[in-house]
Amino acid sequence: MMKIKETLVCWPTNEFELSHPESIKKTKLIGELQGVYQHDIPQSMLGDIAYVVKLDEPTKEAVEGTLQFGVSYLYPYQVEGEFSCTKGHFHANLDYDEYYFGYAGEGYLLYWDGADEWFAEKVFPGSIHHIDGKYAHRLINTSTTETLKVGACWNVLAGYDYGSIEETGFPVRCFLENGSIVWKEQHINKKR
Ligand SMILES: [Fe+2]
């Protein structure tokens with residue numbers, strides 16, 4: 001008899017909620033993002049949710065070639081005008097690429113090669129982003145009302161290097177000023 005397995009769905013009818021019995025949920029509070037923003041985070045915001053990541057948990061021990069899928073939900077808020085963003089990371093293994101898929105909301109995906117190259121791509125429903133493994137990457141939500149929802153698919157052996165970004169930050173920040181999006185470069189030490 002033909003076996004039909006349950007399909008993993010990121011429901012568009014339910015605001016792209018990743019729904020699966022085995023999906024796991026990780027929550028990051030704004031208070032855990034001290035040092036990410038240019039300014040100190042106001043006391044009143046520390047306990048609020050910054051972003052949630054829902055992961056389709058791998059069903060086997062990671063081997064070469066094991067992929068993982070997840071959806072990030074980045075809430076809309078600003079810290080002294082700076083748009084909400086994820087911590088951002090390099091991959092521990094820079095040979096491993098990743099794909100992001102815009103589902104809902106509006107924002108940017110910021111790339112940095114650790115040296116002199118940085119740029120951003122606009123994220124919106126339907127956008128697709130191929131992230132070369134050599135770039136650190138960070139999501140920025142430029143909506144003041146809507147959660148930015150972005151799917152991602154990566155090889156689990158890519159790993160994470162959050163430490164480099166914690167040390168240096170990204171070379172550019174994104175602010176809301178008088179209703180407009182304003183990018184501000186900042187001097188940082190290069191990673192390489
Ligand atoms: Fe990544």
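Reader: What share of the contacts in the protein chain with a separation of 6 or more is between residues 24 or more positions apart?

Author: The share is 68%; two residues are in contact if their C-beta atoms, placed from the backbone, lie within 7 Å. This is a predicted model, in which local features need pLDDT of at least 70, side-chain atom pairs count only at pLDDT 80 or more, and totals for chains, interfaces and linings use all residues. Residues are numbered from 1 along each chain as its sequence is written.

Reader: How many helices and strands are there?

Author: The protein chain has one helix and 15 strands. Helices (H or I, at least four residues) and strands (E, at least two) are DSSP runs, numbered from the N terminus.

Reader: Which residues touch the most other members of the largest nonpolar core?

Author: They are L109, L110, L139, I140 and V150, out of 30 residues in that core. Strand β9 gives the largest share, five residues. A nonpolar core is a set of buried Ala, Val, Leu, Ile, Met, Phe, Trp, Tyr and Cys residues joined through C-beta atoms within 7 Å. A residue is buried if 20 or more other C-beta atoms lie within 10 Å of its own, exposed if 12 or fewer, and partly exposed in between, with C-beta atoms placed from the backbone.

Reader: New topic: how many residues of β15 are buried?

Author: Zero of the six residues in β15 (residues 180-185) are buried.

Reader: And how does β14 run relative to β15, parallel or antiparallel?

Author: Strand β14 (residues 172-177) runs antiparallel to β15, joined by six bridges; two strands pair if DSSP finds at least two bridges between them.
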